[in-house]
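Please keep the sequence and the model in view while reading.

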Amino acid sequence: MSTRGSRSEKVNRIFQKFDANQDGGLNRDEMAALVVAVNPRVKFSDEQINAILDEVFRTYGNFIQGDEGLTFEGLLRTYDDGAGDVDRDFDALELDINNKGILVTSEASSSSIADERALESQKKQRTAAWALSPNHGIVFDDSWKIVDDLEILIKRLKAKQAKDGKLKADNLDAHSDAGWSRELGPSSEISEKRVFWEESGHDYVSFLKELEALRTRADRARSRDEAFDGHMVIGRVLYEHQLFKEALVSFNRACELLPTDVKPHFRAGNCFYVLGKYKEAKDEFLLAVEAAEAGGNQWGYLLPQIYVNLGIALEGEGMVLSACEYYREAAILCPTHFRALKLLGSALFGRASEMYTRVLAVWPNHWRAQLNKAVSLLGAGETEDETFQGAVKGVNERILSVLDESGSGRVDLGLFFAVLAPICNGPPEKRKRVAYDALVWRHVNEGGTQIRKLDAVKYIKLLRTIYVPIEGSSEIVEVHGHTDNSIVSFTEFLVMFDDPDRGFGIMSTMLKLETGDRNRHGNHVCSVCRYPIIGSRFKEMKSHFSLCNQCYSEGKVPPSCKQEAYRFKEYGSEGEAVKDKCFCFTMQSHDDS
């Protein structure tokens, strides 16, 4: 069984490979080369690389040695904190290590099990590099023999299925969730490509028979501990090659042999999760937590990773709040566990969104819920559910750019509120009153209850410039040099505001448009975004849910109404929907008669 030393040796090999100038540190260029090399499938932009390096050099500032950069101890600490996977990175760099710490390369195996085992046993082949990592090392020599034989059987199966065109793979990660901790501690994990084995052919049936023979060998071990070790390594090799169903059988057998051991429960939970069985995964992770907590300090250092995977399984079941609790526990036990912190933040933003969605289902026009839902979606990275973002862009382009003539980045807040007031919901007189009150509130009118005519004129010209730019684009210039400091009451302000020629004469037209939009579909709200539907309403004729223009154009449907195909009908107004309903009723009545 290996110690932390073998893992440190791997980190040291990685460090030496990228310490190009051999100064004992990894500077920003060397660290950038490392990040790119261990993520061959990711196309980083310069901005992304710089952001990653900034975070590393800030978080591990105590390990930065002047211009030399990050020390070996700092790189080792990043792996200890879960910021990287030393075994995965080691394999991605095509490095290997034997029992003496000498770099070697793997070679092809021969045909017979006996000959191949002799070759593989001498090298402790690269495909079994996970066994050299802490926490899942191989204890018994006979278990090594089982590993070697199983690797040969899998290679034979892979060769036969590849030859027959039965083995399929795609470029998607087997686990798409970046927060997923697939093993206890760093490991080489499964390959970057998802493998789909053909399980119905003769080759696979023969493989299962030989696999069962290996399991029988493990069961006939001299002690329970050795049998446990045998089944664990069988499961681990199968998992490595993405034979998840068969790996689960071995981990379950290991659970039977040593029910209080953390490792088989954790790995069985991982298998269940990959197979889409989230409840079973949750149950296994809970058993792992129970075993770890009962084992005292023996398993304490593994609890953060167990908590993280338990949280992910709970999210799979839709239990986001419960998941947050376990992410929080992981972060408490290991404050530098970036995965736990990232997942906790994302989960908190995602439930917030769910709560606001529930509010909007009851009260669709609740503006605070609409705003807060948008903010929570942005925080969770759901930028495609954009509405708030689009509104902010409109405000920036049409309003703030006009208010900030000098480009200073500052605007008059009172004027900003007054400009927004006419397009807010509510009776027209109330909107005008709010605009007037906002102008009174401005710092130039401290202590007063009325506004200057100069300010009223400037405000109305701003409205025309912003909302009627063709007519008002040059009028804003005319305000400059105006020196009328007389006072304007609210009644006088209304006269100026409503003037059809020099005031905001489009107010009445705007109100008619609003009324038409807001009454077009009665109380219908979009079943996806939960906003009131304006414009066209798209009704799904089988499940009877409705979508707004935007959600329909983006192909979104409610999660509870998933179907293979959908049939929508577009209604321009609620009157059309009523006519359609009456027509269907009339047709049905004729059919009944």
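In what order do the 3 strands of the open sheet lie, and is the pairing parallel or antiparallel? The order is E8-E7-E9 and the pairing is antiparallel, where two strands pair if DSSP finds at least two bridges between them. This is a predicted model, in which local features need pLDDT of at least 70 and side-chain atom pairs count only at pLDDT 80 or more, while totals for chains, interfaces and linings use all residues. Residues are numbered from 1 along each chain as its sequence is written, and side-chain values use heavy atoms, with hydrogens and water left out.

**Overall make-up**

- The secondary structure of the protein comes to 26 helices and 9 strands; helices (H or I, at least four residues) and strands (E, at least two) are DSSP runs, numbered from the N terminus.
- Of the 593 residues of the protein, 44% count as buried, a term that stands for under 20% relative accessible area, with exposed meaning over 50% and partly exposed in between (1.4 Å probe, protein chains only).
- Among the contacts in the protein with a separation of 6 or more, 61% join residues 24 or more positions apart, a contact being heavy atoms within 4.5 Å.

- Strand E8 (546–547) and strand E9 (568–571) are the edge strands, each of which pairs on one side only.
- Strand E7 (residues 537–540) pairs with E8 in the antiparallel sense over 2 bridges, and E7 pairs with E9, again antiparallel, over 4 bridges.
- Opposite Phe538 stands Leu547 in E8, opposite Lys539 stands Ser546 in E8, and Arg537 stands opposite Tyr571 in E9.
- In a regular strand the side chains alternate between the two faces of the sheet. Both faces of E7 are covered, with Arg537 and Lys539 on one side and Phe538 and Glu540 on the other, all of them buried.
- The hairpin of E7 and E8 has 5 residues between the strands, and within this hairpin His544 takes a positive phi near 65°.

**Nonpolar cores**

- The largest nonpolar core has 56 residues, and those with the most contacts inside it are Leu150, Ile154, Phe207, Ile234, Leu238 and Ile306; such a core is a set of buried Ala, Val, Leu, Ile, Met, Phe, Trp, Tyr and Cys residues joined through side-chain atoms within 4.5 Å.
- At least two residues of this core come from each of several helices, including helix H7 (141–163), helix H8 (202–219), helix H9 (224–240) and helix H13 (303–316).
- Apart from this core lies another, of 30 residues, among them Ala456, Ile460, Ile466 and Phe493.
- Not counting residues up to four places away in sequence, Phe207 touches Leu150, Leu153, Ile154, Leu157, Leu238 and Leu243.

**A helix pair**

- The axes of helix H18 (residues 413–420) and helix H19 (residues 428–441) come within 8 Å and cross at roughly 175°, the axes being lines fitted to C-alpha atoms over the stretch in contact, with angles that run from 0 to 180 degrees between N-to-C directions.
- That crossing makes H18 roughly antiparallel to H19, a description used for angles over 145 degrees.
- In H18, Leu413, Gly414, Leu415, Phe417 and Ala418 meet Ala435, Ala438, Leu439 and Trp441 in H19.

**Cysteines**

- The structure holds 0 disulfides, a disulfide being a pair of cysteine sulfur atoms within 2.5 Å.
- The closest cysteine sulfur to that of Cys526 is in Cys551, at 3.7 Å, which is too far for a bond.
- Cys526 counts as buried, at 0% relative accessibility, and Cys561 also counts as buried, at 17%.

**Loop residues**

- Asn485 lies in the loop between helix H22 (475–479) and strand E6 (487–488), and is partly exposed, with a relative accessible area of 49%.
- The C-alpha atoms of Asn485 and Arg452 are separated by 5.6 Å, although these residues are 33 residues apart along the chain; leaving aside neighbours within four places in sequence, Asn485 is in contact with Arg452 and Leu454.
- Most residues other than glycine have a negative phi. Gln22, in the loop between helix H1 (4–18) and helix H2 (28–37), has a positive phi near 55° and counts as exposed at 53% relative accessibility.
- Gln242, in the loop between H9 and H10, has a positive phi of about 65° and is buried, with a relative accessible area of 5%.

Definitions and conventions:
Parallel < 35°, antiparallel > 145°, perpendicular 65-115°, else oblique.
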